[in-house]
Amino acid sequence: MGNIDSLKYEILKAIENATSLPELEEIRVFALGKKGSITGMMKDLGSLSIEEKKEAGKILNVVKDEILLAIETKRILLENIALNKKLASEKIDITLPIRTETLGRIHPISQVFEEVVAIFGSMGFSVAEGPEIEDDFHNFTALNLPLNHPARQMHDTFYLPSDANGDKDIDSSYVLRTHTSPVQIRTMENNQPPIRIIAPGRTYRCDYDATHTPMFNQIEGLVIDKKTSMADLKGVLLEFIKSFFELDEIPTRYRPSFFPFTEPSAEMDIGCSRANGELKIGEGNDWLEILGCGMVHPNVLKAVNIDPEEYQGFAFGLGLDRLAMLKYGIPDLRTFFDSDLRWLKHYGFIPLDIPSVTGGLSSNGGAVR
Ligand code: PHE
């Protein structure tokens, strides 16, 4: 037992100097493993007398505990060092600027969608939605377009196969909605006036050329209240069009038109010039048709149980894609749906430039060319 103190000292020194976990494990095995030096001394106790055994056993146990504690303490220390080293090597510098050449782009339609929502949002409108697979009742009948109404022909409708259970009731057959106007009906069915909504979304018609695609986007607007007039309609639309094109003044004119769900109905044109083949909004002597609108037809109000004697309102509908083409100078509607990354890079928008009426719609960044 004479050398226990120096052995203990040696082992503790080795533990203190260990620089890695495997090294520490080696020391543990050397001291306390099956063939370890301390273990060996414990085995040797058998040859001693009972008195000596008691004495030496006590000392050995204390030494063993001391060594175990030293190993455990060192293990925690080495593990911490290893963890900190790993964390330091995996550190990312989040203050680095983004590489714009690898950044995705917001599609011009999404951009215009956000712009329109921001403008009407600032005028107190909220956003309403409806299904793209619509029943005949909401898409046509409730909008004062009964079966066999000639205006149904104007819509180039995609009809869905009639109900599987052979339902012949035309009102429950389905179409891909031909306009966003059915959202007017759904909103009035589920809400009491006053109502002030816009409903942007996908619409479908069987048509295809440079200015028509089978799927396109519209924005519907609907206001229902006790005192709403054509003057309110004109005020809202003028405000919208000026904000959208970011111009202080834009000449507008209203031409009489026909929609079964509005009376009177009108189409709004905005002033433009087409000099030298270049379209410029807001100046010149030419006109550009931009949207359809009118006062909600009493039959539409009756279809949703709103009393036309007490309430009236106005509605408007416009093509979102066309707005995007006009504002951002995109010549062919079909390119919107080509999924061509080069096109998107050219016409797309930086994701963090969120349009707002006060912060700027497209001006705080705009398209990255
Ligand atoms: N739904 C009409 C269309 O698709 C547009 C419109 C909406 C006109 C609301 C008047 C009022 O052509």
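**Figure 1. The largest pocket.** About 1300 Å³ of space lies in the largest pocket of this predicted model. A pocket is found on a 1 Å grid over the protein atoms alone; it is an open set of points where a 1.4 Å probe fits, with protein on both sides within 12 Å along at least five of seven lines. The volume is the space filled by probe spheres set on the points, which are joined across faces, edges and corners. The lining comprises 45 residues, and Glu289, Ile290, Leu318, Gly319 and Arg322 lie nearest the centre; lining residues have an atom within 4 Å of a point. Two or more lining residues come from each of β5 (215-225), β7 (262-273), β9 (286-296), β10 (312-319) and α10 (320-328). Helices (H or I, at least four residues) and strands (E, at least two) are DSSP runs, numbered from the N terminus. Helix α10 contributes the most to this lining, with seven residues. By class, the lining has 23 nonpolar, 13 polar and nine charged residues. Ala, Val, Leu, Ile, Met, Phe, Trp, Tyr, Cys and Pro count as nonpolar, Asp, Glu, Lys and Arg as charged, and the others, Gly among them, as polar.

Numbering starts from 1 along each chain as its sequence is written. In this predicted model, local features need pLDDT of at least 70 and side-chain atom pairs count only at pLDDT 80 or more, while totals for chains, interfaces and linings use all residues; side-chain values use heavy atoms, with hydrogens and water left out.

**Figure 2. The second largest pocket.** The second largest pocket holds about 310 Å³ of space. It is lined by 16 residues, and Ile109, Phe113, Gly201, Arg202 and Asn217 are the closest to its centre. Helix α5 (108-122) and strands β4 (195-204) and β5 each give two or more residues to the lining. The lining divides into seven nonpolar, five polar and four charged residues.

**Figure 3. Helix α5 against helix α10.** The two helices pack at an angle of about 100°, with axes 9 Å apart. Axes are lines fitted to C-alpha atoms, for helices over the stretch in contact, and angles run from 0 to 180 degrees between N-to-C directions. Helix α5 is therefore roughly perpendicular to α10. Angles under 35 degrees count as roughly parallel, over 145 as roughly antiparallel, 65 to 115 as roughly perpendicular and the rest as oblique. From α5, the contact uses Pro108, Ile109, Gln111, Val112, Phe113, Glu115 and Val116; from α10, it uses Leu320, Asp321, Leu323, Ala324, Lys327 and Tyr328. Contact means heavy atoms within 4.5 Å. Nine of the contact residues are nonpolar, one is polar and three are charged.

**Figure 4. Helix α8 against helix α10.** The axes of α8 (residues 230-245) and α10 come within 11 Å and cross at roughly 50°. Helix α8 is therefore oblique to α10. Phe240, Phe244 and Phe245 of α8 meet Leu323, Leu326 and Lys327 of α10. This contact has five nonpolar, no polar and one charged residues.

Figure 5. Helix α1 (residues 4-17) packs on helix α2 (residues 21-32) at about 165°, with the axes 9 Å apart. The pair is therefore roughly antiparallel. Their crossing is left-handed, meaning that the near helix is turned anticlockwise from the far one by less than a right angle. Ile11, Ala14, Ile15 and Asn17 of α1 touch Glu23, Leu24, Ile27, Phe30 and Ala31 of α2. Seven contact residues are nonpolar, one is polar and one is charged.

**Figure 6. The loop between α6 and β3.** Tyr159 sits in the loop between α6 (136-139) and β3 (174-176). Leaving out residues up to four places away in sequence, Tyr159 touches Phe140, Tyr174 and Val175. Asn148 is not a glycine, yet has a positive phi of about 70°.

**Figure 7. Two cis peptide bonds.** Most peptide bonds are trans. The bond from Pro193 to Pro194 is cis, with omega near 0°. Pro194 belongs to the loop between α7 (182-190) and β4. The bond from Glu263 to Pro264 is also cis, with omega near -5°. Pro264 lies in strand β7.
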